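Here are my notes on the model you sent.

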Amino acid sequence: MSEPVEGPRGQYHALKDERPEHAFLSALERGRLHHAWMLTGPEGLGKATFAYRAARRLLGARPDAGRGLLGSDPADQVSRLIEQDAHPDLLVLERRSEGGKLRKNISVEEARALPEFFSKSPSMAAWRVAIVDAADDLNINSANALLKTLEEPPERGVLFLVAQSPARLLVTIRSRCRRLAFRPWPIDEVAGLVERRLGLPPGDARALALMSGGSPGRALDLADQGALEIDATARALVLGDAPDEAEMLRLADTLRGGEGQARLDLLFDRLAQAVSERAEVERPEAWGALWDRLMRIPGEAASLNLDRADVLFSTLADIRRARA
């Protein structure tokens with residue numbers, strides 16, 4: 001028996017919000033399928049999962065109504081080929097490379113593969129499909145290369161762009177796509193899912209749901225990242241008794257390596273939340289100025305390749321001054 005495929009490529013469950021699937025199926029059944037679809041909304045709401053569900057339908061996988069409107073049979077040959085990244089009529093552009101490592105962005109060379117891909121006729125299916133996961137990861141050169149495909153819509157070709165922050169994309173890209181919005185879940189429903197899936201106490205599950213902004217996928221990722229512990233540390237630094245130096249050194253060690261930037265982003269998000277709460281009760285100008293710095297620092301650290309431990313200790317000094 002083959003190992004299950006991780007990520008949206010191997011997801012077959014029905015999506016909670018069926019409105020995007022209704023809109024897509026309606027266009028398909030009326031013969032008015034747009035050539036480019038922008039899937040928007042916060043991370044973790046199933047946008048990439050939808051893209052693969054739609055791709056399986058277009059590429060001829062056997063439907064399975066028990067798995068939702070765009071449900072497909074996982075045992076079908078088309079589904080298996082897509083899982084193995086071996087379907088000749090599907091092209092996926094993403095930052096994740098072989099071995100699971102994340103690159104800085106989707107390169108222009110990869111984006112330039114789109115026109116050639118869509119210039120060919122489908123070989124196994126009625127359509128050719130490309131997925132860009134995520135369009136936010138395009139740099140200016142790769143975005144311009146993708147734009148060429150949108151300016152000359154391919155026959156029997158459909159492009160799905162996953163976009164967490166569509167406002168960052170070129171206006172000329174946004175204007176050529178039909179948008180499908182994926183909406184956050186109610187916080188109570190996210191908390192219930194986290195509680196059932198991870199077996200967490202209700203209070204912890206709700207805290208993760210609130211941090212996620214109503215995104216179930218994001219809430220589960222936050223749990224994996226140790227968000228509850230990071231939030232407790234951030235609140236202690238700003239609102240309570242600051243942790244001792246040994247704990248700060250341990251925290252600095254976790255910011256190194258491949259996942260360090262994600263942990264830094266999460267830590268500063270929680271610090272900003274705690275600072276915002278403190279600004280509501282005392283010295284709003286001083287704490288507000290610190291909040292502004294906290295919102296800028298992670299991006300500067302990434303773009304300038306700063307040492308994350310140095311960034312942390314510099315920020316701790318800023319917090320101590322604000323508390324004095």
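**Notes on the predicted model**

1. Overall make-up. The protein chain has 15 helices and five strands. Its radius of gyration is 22 Å, close to the 20 Å that the globule rule gives for 324 residues, so the chain is as compact as a globular protein of that length. Along the principal axes, the C-alpha atoms fill a box of roughly 70 × 40 × 35 Å.

2. Inside and surface. Of the 324 residues in the protein chain, 46% count as buried. The chain exposes about 16,700 Å², and carbon and sulfur atoms supply 48% of that area. Among contacts with a separation of 6 or more, 69% are between residues 24 or more positions apart.

3. Helix H1. This helix covers residues 19–29, and its buried residues are Pro 20, Glu 21, Phe 24, Leu 25 and Ala 27. Seen down the axis of H1, they fall within an arc of 160°, so they line one face of the helix. The cover over them includes strand S1 (36–40), helix H2 (47–58), strand S4 (157–163) and strand S5 (178–181). Just after H1, Gly 31 takes a positive phi of about 70°.

4. Helix H9. In residues 202–212, the buried positions are Ala 205, Leu 208, Ala 209, Met 211 and Ser 212. Helices H8 (187–198), H10 (216–224), H11 (227–239) and H13 (260–279) are included in what covers the buried residues. Just after H9, Gly 213 has a positive phi of about 70°.

5. Leu 222. Is Leu 222 buried or exposed? Its relative accessibility is 1%, and buried means under 20%, so Leu 222 counts as buried. Leu 222 sits in helix H10. Leaving aside neighbours within four places in sequence, Leu 222 is in contact with Leu 208, Met 211, Ser 212, Ala 227 and Leu 266. Leu 208, Met 211 and Ser 212 are among the buried residues of H9. Leu 222 and Glu 6 are 216 residues apart in sequence and 17 Å apart in space, C-alpha to C-alpha.

6. Asp 318. This residue belongs to helix H15 (residues 308–323). Asp 318 counts as buried, with a relative accessibility of 13%. Not counting residues up to four places away in sequence, Asp 318 touches Leu 290 and Arg 293.

7. A cis peptide bond. Which peptide bond is cis, with omega near 10°? The bond from Asp 133 to Ala 134 is the one to look at. Ala 134 lies in the loop between strand S3 (128–133) and helix H6 (140–151).

8. Arg 283 has a phi near 35°, a positive value in a residue other than glycine. Arg 283 is in the loop between H13 and helix H14 (284–304), and counts as partly exposed at 36% relative accessibility. Asn 305 is not a glycine either, yet has a positive phi of about 55°. Asn 305 is in the loop between H14 and H15, and is exposed, with a relative accessible area of 69%.

Technical notes: Residues numbered from 1 in each chain as written. Predicted model: local features only at pLDDT ≥ 70, side-chain atom pairs only at ≥ 80, totals over all residues. Heavy atoms only, no water. Helix = DSSP H or I, 4+ residues; strand = E, 2+ residues; numbered from the N terminus. Rg over C-alpha atoms; globule rule 2.2 N^0.38 Å. Buried < 20%, exposed > 50% of the residue type's maximum accessible area, 1.4 Å probe, protein only. Contact = heavy atoms within 4.5 Å. Areas by Shrake-Rupley, 256 points an atom, 1.4 Å probe, with all protein chains shown as cover. Arc of directions from axis to C-beta.
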